[in-house]
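Thanks, everyone. Please have the structure open while I speak.

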Amino acid sequence: MPRWAVWTAAYPLGLIALVFAGAWVWWQPEPKARGTEVNALWARHQWVGEPHGDAEYRAFGNLLKENRITDVFFHAGPFEADGTVPASKYRNARRLIGAMREHAPGVRAQAYLGQIRVVDGEGVIDLDDPAVRERVLKTDAAFLDLGFDGIHYDFEPIYPDDDAFLTLMADTRELTRSRGRLLSVALEQPTLADALQPVYRMLVPRTGAVHYPPRPTEDFLRAVADRADQVAIMTYDVALPTRSLTGWHFARHTRATLELIGDRTTVFMGVPTYRPLMEWAEDLPVALRGVRRGVGQLERPPKRPYGVGVYADWTTRPDEWARYRTIWPPPATGGPGG
């Protein structure tokens with residue numbers, strides 16, 4: 001093999017080795033930052049859709065209190081294409097709210113609602129249609145009438161030029177504020193470089209097996225934050241091959257997000273307990289350590305509360321909750337914030 005070919009192959013391999021080595025060295029020191037008292041949990045649909053016994057509600061309430069969860073996003077949808085949710089899907093919601101008041105007082109129960117957003121003719125719900133958005137608001141109002149403390153949106157995909165979504169957020173915020181309730185939203189992790197968005201739009205479609213990721217730009221994330229009481233960043237599904245690189249991912253997004261919108265709204269950094277593609281590199285301890293590293297890199301704490309969002313209650317084992325308690329919450333307890 002010619003010498004130039006050897007050097008051509010060796011150069012990128014050397015750069016890759018340096019990246020892996022640098023990430024490993026950066027990952028070794030134990031984070032000094034502790035966790036917070038404001039944390040969220042995504043919860044399965046069965047809580048609103050099926051009846052449960054008092055012992056189940058009491059056990060769930062104890063879990064929330066023990067792990068200092070302040071907000072629970074109870075899956076209550078999804079929306080139908082017309083913006084409604086059949087009442088049969090949440091027939092147990094009122095009893096759930098009563099049980100939460102009894103067994104987990106102070107923990108905010110939010111109705112977790114979403115759907116596949118129509119993009120370029122593909123999807124389920126067309127948020128560009130004002131009539132659909134109006135029915136979504138009426139559905140939201142029905143859940144607030146049941147006693148939910150807020151509405152939690154998870155529409156996907158949401159691209160950073162989605163004016164209809166911002167309009168829905170503004171209208172929903174008006175509704176929730178008029179009722180003294182919360183509006184929260186789940187979004188994909190932000191872009192790594194906003195400048196690449198025009199290139200993506202020109203070269204890569206938004207639909208199909210290969211499409212560019214629907215991630216918020218800085219301007220779009222600020223616009224969403226100005227319309228929401230809480231923003232949950234779905235930081236998981238990292239697909240990086242080592243624990244140190246995955247930890248860097250969580251640290252980077254934690255610092256960037258809190259610096260960008262931490263003074264505007266409550267932020268929850270999503271952490272996984274399900275089994276991702278590269279489960280040897282991405283798990284709850286890695287995610288929490290990465291979030292703590294990101295918090296530790298801040299020049300000052302955000303003005304608004306912040307914490308993590310655990311995804312999800314139906315995938316979190318008792319040993320993972322035990323690990324969570326040793327890694328994340330601060331030594332002293334406090335009341336819910338937001």
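Let me start with a term. When I say helix, I mean a DSSP run of H or I with at least four residues, and helices are numbered from the N terminus. Also, please keep in mind that this is a predicted model.

Cavity next. How many cavities of 30 Å³ or more does the structure hold? One. The largest cavity has a volume of about 30 Å³. Which residues line the largest cavity? They are Tyr57, Phe60, Gly61, Leu96, Ala99, Met100, His103 and Ala104. Two helices each supply at least two residues of that lining: helix H3 (54-66) and helix H4 (93-103). H4 gives the largest share, with four residues.

H9 makes the largest contribution, three residues. In total, 19 residues line the largest pocket. Look for Glu188, Gln189, Met234, Tyr236 and Asp237, which lie nearest the centre of the pocket. This lining has 11 nonpolar, three polar and five charged residues.

On to the rings. A pair of aromatic rings is described by the distance of the centres and the angle of the planes. How many aromatic pairs does a search of the whole structure find? The count is 17. Take Tyr153 and Phe155, a tilted pair with 5.2 Å centre to centre and 55° between the planes. Both Tyr153 and Phe155 are buried.

Another pair is Tyr311 with Trp314. This one is edge-to-face, at 5.4 Å centre to centre and 75° between the planes. Are these two buried or partly exposed? Buried means under 20% relative accessible area. Tyr311 has 21%, so Tyr311 counts as partly exposed. Trp314 is partly exposed too, at 41% relative accessibility.

Last, the cluster. Tyr311 and Trp314 belong to one aromatic cluster together with Trp42, Phe73, Tyr236, Phe268 and Tyr274. You have met Tyr236 already, among the residues nearest the centre of the largest pocket.

That's my tour. Thank you.

How values were computed
Residues are numbered from 1 along each chain as its sequence is written. This is a predicted model: local features need pLDDT of at least 70, side-chain atom pairs count only at pLDDT 80 or more; totals for chains, interfaces and linings use all residues. Side-chain values use heavy atoms; hydrogens and water are left out. On a 1 Å grid over the protein atoms alone, a cavity is a set of points where a 1.4 Å probe fits but cannot get out, and a pocket is an open set with protein on both sides within 12 Å along at least five of seven lines; lining residues have an atom within 4 Å of a point. Ala, Val, Leu, Ile, Met, Phe, Trp, Tyr, Cys and Pro count as nonpolar, Asp, Glu, Lys and Arg as charged, and the others, Gly among them, as polar. Rings of Phe, Tyr and Trp (its six-membered ring) pair if their centres lie within 6.5 Å; planes under 30 degrees apart count as stacked, over 60 as edge-to-face and the rest as tilted. Buried means under 20% relative accessible area, exposed over 50%, partly exposed in between (1.4 Å probe, protein chains only). Grid points are joined across faces, edges and corners, and a volume is the space filled by probe spheres set on the points.
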